[in-house]
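Please look over the model shown here before turning to the report below.

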Amino acid sequence: MVEKIIAPRGTSDILPAEISLWHDIENKARKVLEVYDYHEIRTPIFEETALFVRSLGETSDVVQKQMLNLEKEGLSLRPEGTAPIVRSYIENNLDKKELVSKFYYIGPMFRGERPQKGRLRQFHQVGVEAIGPGAFQQPFLDAEVIILAVHLLKIFGLANFKVKINSLGSAQDKNAFGEFLRKNLNDNRKLLCADCQNRFDRNVFRILDCKNLECKTVIDKLHFDNSYLSKDSRDFYADVKECLASAGVDFEESPKLVRGLDYYAHTVFEISHPGLGSQDALGAGGRYNNLIGDLGGEKRLDMGAVGFSLGMERVLLAIGEDKKIEQLGPDVFIVTLGPRAVDKKAFQLLDQLRQAGIYATINYHLAKLDKLLRAASNVNAKFAVILGEDELSKDIALLKDMQARSQEEIKLTELIKEIKKRLC
RNA sequence: GUGGGUGUAGCUCAGCUCGGUUAGAGCACAAGAUUGUGGAUCUUGGGGUCGGGGGUUCAAAUCCCCUCACCCACCCCA
């Protein structure tokens with residue numbers, strides 16, 4: 001007995017039956033993204049491990065336990081899209097070549113987590129990054145990116161999602177925020193769960209979205225007054241909110257919103273959907289000005305950068321089964337009844353139809369007429385062309401409209417013209 | 001990485017608690033009723049390493065151990 005080889009854990013095949021859903025959201029996404037002046041970039045699926053260690057943070061869980069390393073030393077499959085794009089931006093000197101760099105990407109990401117609903121080891125993201133010097137520190141870019149994310153989700157047919165935003169402030173403010181948390185949580189430190197005891201030193205922000213009930217009550221007692229934000233940061237945040245409001249984006253301020261990746265500062269946001277269960281984030285993003293310098297870009301240029309990514313599997317989950325796009329069937333299903341399964345003239349006709357750009361297929365096996373018509377009906381064919389021995393001897397075909405259930409004899413020489421006419 | 005659940009026909013599942021002839025149902029598929037006209041009905045039929053491996057037993061889908069995969073939650077995140 002030969003041992004069966006199965007797909008690796010946490011991966012799944014996207015079969016032809018469901019690919020139209022993917023094409024649909026990819027096509028819609030590309031159209032909207034181009035309208036917003038974002039352009040596709042394709043970076044490698046794997047990178048130097050050091051790239052992610054430096055950008056995501058050595059202590060982040062993604063780096064510590066979720067990275068899929070390749071056997072070739074020092075390489076890892078990309079767990080996210082931002083760091084590779086920043087790497088490419090710097091490596092290709094785009095900061096010197098263009099004032100404005102607005103990228104989008106669509107593709108697979110990899111994380112070695114235990115699979116769950118809405119969480120795979122190979123998953124797909126569509127995301128954007130807007131990077132540039134000087135002017136790119138404007139708050140309208142934060143707003144633009146959030147508006148774009150919302151626009152995409154709406155175009156995908158989603159409505160029931162929630163946008164939460166927060167500001168972590170500048171790098172200094174973020175430190176102050178951390179101090180603020182440590183100071184105010186210190187008295188109740190013993191009430192926190194074991195995980196949070198750990199987080200207190202390692203990454204105090206993570207305590208804010210702990211699901212433990214004890215921790216939640218402690219956190220709810222905290223009073224967030226943005227006092228740790230500088231005046232500039234507060235103004236910046238206010239501008240972002242104003243832009244969003246005037247664009248009609250329905251958002252909710254969430255002072256407890258923090259992100260797990262180290263590189264975020266200033267604006268952070270997250271879009272969640274109630275139908276997704278425990279992994280309810282459709283997408284998330286924020287501002288990461290410092291990452292460019294941290295990865296070796298020129299600090300003197302005072303870079304600005306902001307972006308987001310959406311999880312495509314989660315988008316599809318949210319869209320739900322009921323929205324399944326109907327499979328488009330062939331325009332023409334040729335039914336041949338000759339002694340051999342496929343008659344030569346029928347095959348020629350098939351080829352001519354295809355050359356004319358008409359979606360056509362044929363029965364490749366010999367069967368009775370009723371079975372073949374049933375087959376044509378099962379694949380949603382618009383027309384059946386019946387070519388039996390009678391028809392072939394007279395150089396005609398029976399053109400059958402599958403929906404109207406009507407049929408008529410057409411000369412073979414005029415068949416393609418007639419089909420074209422009817423398809424219009 | 002931790003906890004719980006599930007795995008039986010192409011699909012959805014029953015059977016397992018309490019071991020016992022040839023492991024079932026619905027849907028799907030195939031043949032026929034209808035020798036060249038599709039979505040209905042009826043009849044008949046093909047299909048199974050019971051996830052995999054090991055153990056207990058006269059006997060295992062059923063009990064025990066190991067393992068793999070999926071699902072849900074934790075963790076983390078898209």
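## Basis

This is a predicted model, in which local features need pLDDT of at least 70 and side-chain atom pairs count only at pLDDT 80 or more, while totals for chains, interfaces and linings use all residues. Residues are numbered from 1 along each chain as its sequence is written, and chains are lettered from A and ligands numbered from 1 in the order in which they are written.

## Overall form

Chain A holds 16 helices and 15 strands, these being DSSP runs numbered from the N terminus (helices H or I, at least four residues; strands E, at least two). The C-alpha trace spans about 95 × 55 × 45 Å along its principal axes. Of the 424 residues of chain A, 35% count as buried, that is, with 20 or more other C-beta atoms, placed from the backbone, within 10 Å of their own.

## Domains

An automatic or database assignment divides chain A into domain 1 (16–170 + 230–322) and domain 2 (332–423). The centres of domain 1 and domain 2, taken over C-alpha atoms, are separated by 50 Å.

## The pair α1 and α6

Helix α1 (residues 16–35) packs against helix α6 (residues 139–155) at an angle of about 145°, with 10 Å between their axes, which are lines fitted to C-alpha atoms over the stretch in contact, angles running from 0 to 180 degrees between N-to-C directions. Lys28, Ala29 and Val32 of α1 and His151, Leu152 and Ile155 of α6 make the contact, for which C-beta atoms, placed from the backbone, must lie within 7 Å.

Terms used
Buried ≥ 20, exposed ≤ 12 C-beta atoms within 10 Å, placed from the backbone. Contact = placed C-beta atoms within 7 Å.
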